[in-house]
Amino acid sequence: MTTSELTKSEQDQLIKKATQAINSSYAPYSGFKVGAALLTFPGEIFTGCNVENASYGLSMCAERNAIANAIIGSGQDTITIKAIAVANSHNVACSPCGACRQVIWEFGQNAQVIFQGNQGWQTSTIKDLLPEGFSL
Ligand code: THU
């Protein structure tokens, strides 16, 4: 399967839903609220936000929570991510962390990733962000 082009409307919708998901974020320790929204191949959208913990290392990123919501909500054995967008409360450059890149890779080796870069919103492929993802 090759990377599918996203329509402008799909991109706009993912950015809007990722931005809305910021409002659900639980980030009392960093104050850095993050929202994510992903589009699966059947065309469903699922969202997630970061959920922090007093034991800092147990905090979970928005992207991985969106993926967990998609796994639960899809009703299928697995999901295939067409695209995922991530937005943050500080409106600063923020691409998915390494752990999230590996988890996105698990569910969509051709996924497109929409995030705020240094010049504003940009779209990359997960392959560009994680060139040698781990697979078993
Ligand atoms: N965070 C995310 O949720 N996604 C990212 O792509 C980058 C970082 C969260 C983790 C933590 O709750 C806060 O942002 C500060 O690192």
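Predicted model: local features only at pLDDT ≥ 70, side-chain atom pairs only at ≥ 80, totals over all residues.
Reader: Okay, which residues surround the ligand?
Author: Ser-30, Phe-32, Val-34, Asn-50, Glu-52, Cys-61, Ala-62, Glu-63, Cys-94, Ser-95, Pro-96 and Cys-97. A residue is near a molecule if one of its heavy atoms lies within 4 Å of it.

Reader: How does that shell split by class?
Author: Seven residues are nonpolar, three are polar and two are charged. Ala, Val, Leu, Ile, Met, Phe, Trp, Tyr, Cys and Pro count as nonpolar, Asp, Glu, Lys and Arg as charged, and the others, Gly among them, as polar.

Reader: And where does the ligand sit?
Author: In the largest pocket. A pocket is found on a 1 Å grid over the protein atoms alone: it is an open set of points where a 1.4 Å probe fits, with protein on both sides within 12 Å along at least five of seven lines. To sit there, a molecule needs more than half of its atoms within 2 Å of the grid points.

Reader: Which polar side-chain atom lies 2.5 Å from a ligand oxygen?
Author: One on Glu-52. Glu-63 has a polar side-chain atom 2.6 Å from a ligand oxygen. For Asn-50 the distance is 2.9 Å. A polar contact is a pair of N or O atoms within 3.5 Å; within protein, one must be able to donate a hydrogen and the other to accept it, and residues adjacent in sequence count only if both atoms are side-chain atoms.

Reader: How much of the ligand does the protein bury?
Author: The protein buries 78% of the 370 Å² that the ligand exposes when taken alone. Such areas come from the Shrake-Rupley method with a 1.4 Å probe; for residues, only the protein chains shown count as cover.

Reader: Back to Asn-50. Where is its place?
Author: Asn-50 is in the loop between strand S2 (45-49) and H2. Helices (H or I, at least four residues) and strands (E, at least two) are DSSP runs, numbered from the N terminus.

Reader: Is Asn-50 buried or exposed?
Author: Asn-50 counts as buried because its relative accessible area is 7%. Buried means under 20%, exposed over 50%, and partly exposed in between, with a 1.4 Å probe and protein chains only.

Reader: What else does the Asn-50 side chain contact?
Author: The side chain of Ser-25, at 2.7 Å. The backbone oxygen of Phe-32 also lies 2.9 Å from a polar atom of the Asn-50 side chain.

Reader: Where does Ser-25 lie?
Author: In the loop between helix H1 (8-21) and strand S1 (34-40). Ser-25 is buried, at 8% relative accessibility. Ala-27 is in the loop between H1 and S1 too, and is buried at 8%.

Reader: New topic. Where is Cys-94 found?
Author: In the loop between strand S3 (81-88) and helix H3 (98-106). Cys-94 is buried, with a relative accessible area of 16%. Cys-94 and Val-34 are 60 residues apart in sequence, yet 9.3 Å apart in space, C-alpha to C-alpha.

Reader: And Asn-91, buried or exposed?
Author: Exposed, at 60% relative accessible area. Asn-91 is in the loop between S3 and H3.

Reader: What is the phi of Asn-91 near?
Author: Near 55°, a positive value in a residue other than glycine. Most residues other than glycine have a negative phi.

Conventions
Residues numbered from 1 in each chain as written. Heavy atoms only, no water. 1 Å grid on protein atoms, 1.4 Å probe; cavity = no way out; pocket = protein on both sides within 12 Å on 5 of 7 lines; lining within 4 Å.
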